[in-house]
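User: I am new to protein structures and would like to learn how to read one feature after another. Could we go through an example together?

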Amino acid sequence: MKRLVMMMAMLGAAVAVAGPLCEDERAALKFLDFVTGPMSAADEKEWWDIGGRQFGIFSKRYQIAFSGYAAAALGMRGTDEERKAVGRVLDNCIRRILARDVWAYSQSKKYWGEKPWAPDPCYRENVMYTGHLLQLLALYETFTHDTKYWTQGFDFVWSKDKVVHYDVQKLIDVTVEQMRTNGFCGVTCEPGLLFFPCNNHPHFALKLFAKLGHGDWTDDARRWEHWALDHFLSPLFGGGAINLLYHVKTGLFYPRGSAGLDGWSLLWYEPWAEKRETSLELWKKAAAKLDWEVFDNPSDIKAGEGCRDPQPAPPSVAAAFLAAAARANDDSVTAARLEKAVDRYLVRPNGLYYLNLDRTWRIGATAHRIISLAESNGSRFRNL
């Protein structure tokens, strides 16, 4: 009888995931289709002219990738026509993330511009770009069953005379090779800096590629997970549950966490964690550290940064990340509280659904609100 009840509960969960998209989710998909697709020059400026040199955490590569992930969250429960739109969004995201201005930061002198492999943006480090590209490619194939990025590949065009050609297998190979040739079993982002959240993306992508029959990277995931859980947790000066970064050369951690970083980390750790319970327990620790004076009334104003209190994004944006993570980790109470706070910025003009924040982080924050919306209705990345 107990086993029958468990089977029925599992069946009920599957039926819930198969439910149709609600009105807001359809409006959200329409927004993602619009914001990632071809635009007029005026619309392109309004939505994608986010300024800066693409070094910050709300650079185009992130907002592009987050848009694709949000579409995938909707596509899990979409009709055939809606899944077709999701495939289109993901393809648009891949096209956008391959654009020169998105990865040109990697060719600066302080990054890899003077390395022998330049202008290749993927050959070493830079998982803050390659991890997202891998995840977009994996989601695209998952939803479309199209293998063109394996068979035809894709180009990084630096100039007419400098074109770097890749395919999915090559991108996997250069990423995994780095995981296997260092003591920490991960891939660095900026030169010599290792982050927990960034390394979730290639491992989730590899899990999807494994399900698609392209290989088995279980041991690589296990090695990184064990090292990360042994080293990244419990920042000395608090601020969150996960240390901000590890400096490879000195072997030292930045001894401070960030609530927003916890949200980013645990949203994308949960789908590929060897034991889901590990992510759920980590989320409980992160949620216990939330400062509700900040997140019950989250502002759209970027907080100042300091060596003991890094806060590179407004509370409204961090709250959107945290809401999605809370949903992924089965904390509906915290998620609902964060969603209610974030929704003061929610608008629905012309049948679209987005957060009306500064365009520096508007798309990325909206994508996470869409993910939390989809998760509240049954979508789960782990189920992919």
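User: Which residues have the most contacts inside the largest nonpolar core, and how many residues does that core have?

Analyst: A general idea comes first: in soluble globular proteins, nonpolar side chains tend to be buried together. Please keep in mind that what you see here is a predicted model. In this model the largest nonpolar core has 132 residues, and those with the most contacts inside it are Tyr129, Phe156, Phe209 and Phe381. If you select tyrosine 129 and leave aside residues up to four places away in sequence, you will find that it touches Arg61, Ile97, Leu98, Val102, Trp103, Tyr105, Pro121, Cys122 and Phe156.

User: How many helices and strands are there in the protein chain?

Analyst: The protein chain has 17 helices and 7 strands. Its radius of gyration is 20 Å, close to the 21 Å that the globule rule gives for 384 residues, so the chain is as compact as a globular protein of that length. Taken along the principal axes, the box that the C-alpha atoms fill is roughly 60 × 50 × 50 Å.

User: What share of the residues in the protein chain is buried, and how much accessible surface does the chain have?

Analyst: Buried residues account for 56% of the 384 residues, while the accessible surface comes to about 16400 Å², with 54% of it belonging to carbon and sulfur atoms. Contacts can also be read by how far apart the partners are in sequence: among those between residues at least 6 apart, 67% join residues at least 24 apart.

User: Is serine 372 buried or exposed, and which residues does it touch?

Analyst: Serine 372, which is found in helix α17 (residues 362-376), has a relative accessible area of 0%, and because the cut-off for buried is under 20%, serine 372 counts as buried. Leaving out residues up to four places away in sequence, serine 372 touches Ala323, Ala324, Arg327 and Glu339.

User: How should I read aromatic pairs, and how many does a search of the whole structure find?

Analyst: A pair of aromatic rings is described by the distance of the centres and the angle of the planes. The search of the whole structure finds 42 aromatic pairs. One of them is formed by phenylalanine 184 and tyrosine 246, with 6.4 Å from centre to centre and 70 degrees between the planes, an edge-to-face arrangement. This pair links distant parts of the chain, as phenylalanine 184 lies in the loop between α9 (168-179) and β3 (193-194) and tyrosine 246 in strand β4 (residues 246-247), 62 residues apart. Phenylalanine 184 is buried at a relative accessible area of 10%, and tyrosine 246 is buried at 12%.

User: Why is the pair of tryptophan 264 and phenylalanine 321 called tilted?

Analyst: The ring centres of tryptophan 264 and phenylalanine 321 are 5.7 Å apart and their planes stand at 50 degrees, so the pair is tilted. This pair, too, links distant parts of the chain, with tryptophan 264 in helix α12 (residues 259-269) and phenylalanine 321 in helix α15 (residues 315-328), 57 residues apart. Tryptophan 264 and phenylalanine 321 are buried, and they belong to one aromatic cluster whose members include Phe58, Tyr62, Trp268 and Phe381.

User: What can the backbone angles show me about proline 119 and cysteine 185?

Analyst: The peptide bond from alanine 118 to proline 119 is cis, with omega near 5 degrees, and proline 119 has its place in the loop between α6 (100-103) and α7 (127-144). Cysteine 185 has a positive phi of about 65 degrees although it is not a glycine, and cysteine 185 lies in the loop between α9 and β3, where it counts as buried at 13% relative accessibility. Asparagine 350 also has a positive phi, of about 55 degrees, without being a glycine; its place is the loop between β6 (346-347) and β7 (354-355), and at 69% relative accessibility asparagine 350 counts as exposed.

Terms used
Residues are numbered from 1 along each chain as its sequence is written. This is a predicted model: local features need pLDDT of at least 70, side-chain atom pairs count only at pLDDT 80 or more; totals for chains, interfaces and linings use all residues. Side-chain values use heavy atoms; hydrogens and water are left out. Helices (H or I, at least four residues) and strands (E, at least two) are DSSP runs, numbered from the N terminus. Buried means under 20% relative accessible area, exposed over 50%, partly exposed in between (1.4 Å probe, protein chains only). Contact means heavy atoms within 4.5 Å. Rings of Phe, Tyr and Trp (its six-membered ring) pair if their centres lie within 6.5 Å; planes under 30 degrees apart count as stacked, over 60 as edge-to-face and the rest as tilted. The radius of gyration is taken over C-alpha atoms; the globule rule is 2.2 Å times the number of residues to the power 0.38. Accessible areas come from the Shrake-Rupley method with a 1.4 Å probe; for residues, only the protein chains shown count as cover. A nonpolar core is a set of buried Ala, Val, Leu, Ile, Met, Phe, Trp, Tyr and Cys residues joined through side-chain atoms within 4.5 Å.
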